[in-house]
Amino acid sequence: MSGTLYLVATPIGNLEDMTFRAVRILKEVDLIACEDTRTSRPLLSHFEIHTPVTSYHEFNKIEKAGELLEKLMGGASIAVITDAGTPGISDPGEELCAMCTEAEIDVVPVPGAAAAIAAVTSSGLSCRRFAFEAFLPKDKKKRRRILEELKAESRTIIIYEAPHHLKDTLKELHEALGDRRVSLARELTKVHEEHLLMKLSEALDYYEKNDPRGEYVLVIEGKSSKELEAEARALWEDLSIEEHMEKYLSQGMDKKEAMKAVAKDRGVSKRDIYQQLIK
Ligand code: SAM
């Protein structure tokens, strides 16, 4: 019988956010794989957890995953914890989880804090649909591509950022997305917790005067349906009905489908379009 892999969330600042279940699982497993054993030690000793630990981090996550997988196959139960929050969310955990799933080893989440969820739910922006972008890529080309993709994103956007990159990232977001509202969630669950909701231009001004400090999550509003509709409208607004039909026919639609699409765009019936065409 193989063991179980537990993905255990730990607090993102406030130790009171540790769950009873997380403490129990961490006491019961055979081994805890920590992103950084030195960072996790105070947490583990605070909750009197004396389980053996090993390191499992960004730079050994592939070879170490093989080692952990062998132990799991041998029947050991292992918990993965990171420096803060939920494993796999901008932190190690994903690769090991995928390998266990492949090997039909049980993977059990032990949910708790995740900065992205805490930030979006307290932002005052829509949290019905959101896109989690984690950290924007450092590579310039990849970063530009993501920013380009985000221009059309109608869901709320969540981005992680370090304080020393905050101003540059706000500038790039302002340039790419326009002057949308952004919620800056700083030091969540900690003593200096702060939530600011403002326009991107205002955030730029604010951080010219105040140095960014601590950990940040940026929550940016998605493109409004009004803007999306205006953009869609601009694609056919200056076309005659014949040209509008031609646009869809050239995309491979047959006449009936094109007439339906034209009628839908213009908010009229198919019959109206047909009559205009035969006139
Ligand atoms: N696994 C973590 C989670 O579940 O949220 C994320 C780890 S990621 C390496 C670290 C980033 O998460 C930080 O740079 C910051 O953007 C965000 N973060 C983590 N803790 C935070 C906090 N207390 N307040 C604001 N942002 C935080």
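Predicted model: local features only at pLDDT ≥ 70, side-chain atom pairs only at ≥ 80, totals over all residues.

Q: What is the phi of Glu 104?

A: Look for a positive phi in a residue that isn't glycine: Glu 104 has one, at about 60°. Glu 104 counts as exposed because its relative accessible area is 70%, and the cut-off for exposed is over 50%.

Q: Where is Ser 90 placed?

A: In the loop between strand S4 (78-81) and helix H4 (94-102). Ser 90 also has a positive phi, near 55°, and is partly exposed at 31% relative accessibility.

Q: On to rings. How many aromatic pairs does a search of the whole structure find?

A: Four. To read a pair, check the distance between ring centres and the angle between planes; over 60 degrees counts as edge-to-face. Phe 135 and Tyr 160 are 5.7 Å apart centre to centre with 70° between the planes, so they are edge-to-face. That pair links distant parts of the chain, with Phe 135 in strand S6 (residues 130-135) and Tyr 160 in strand S7 (residues 156-161), 25 residues apart.

Q: Is Tyr 160 buried or exposed?

A: Buried, at 10% relative accessible area, whereas Phe 135 is partly exposed at 44%. Ring pairs also join Phe 132 with Phe 135 and Tyr 160 in a cluster.

Q: Which residue lies over the face of Tyr 248?

A: Lys 247, at 4.7 Å from the ring centre.

Technical notes. Residues numbered from 1 in each chain as written. Heavy atoms only, no water. Phe/Tyr/Trp six-rings, centres within 6.5 Å; stacked < 30°, edge-to-face > 60°. Helix = DSSP H or I, 4+ residues; strand = E, 2+ residues; numbered from the N terminus. Buried < 20%, exposed > 50% of the residue type's maximum accessible area, 1.4 Å probe, protein only. Lys NZ or Arg CZ within 6 Å of the ring centre and 35° of its normal.
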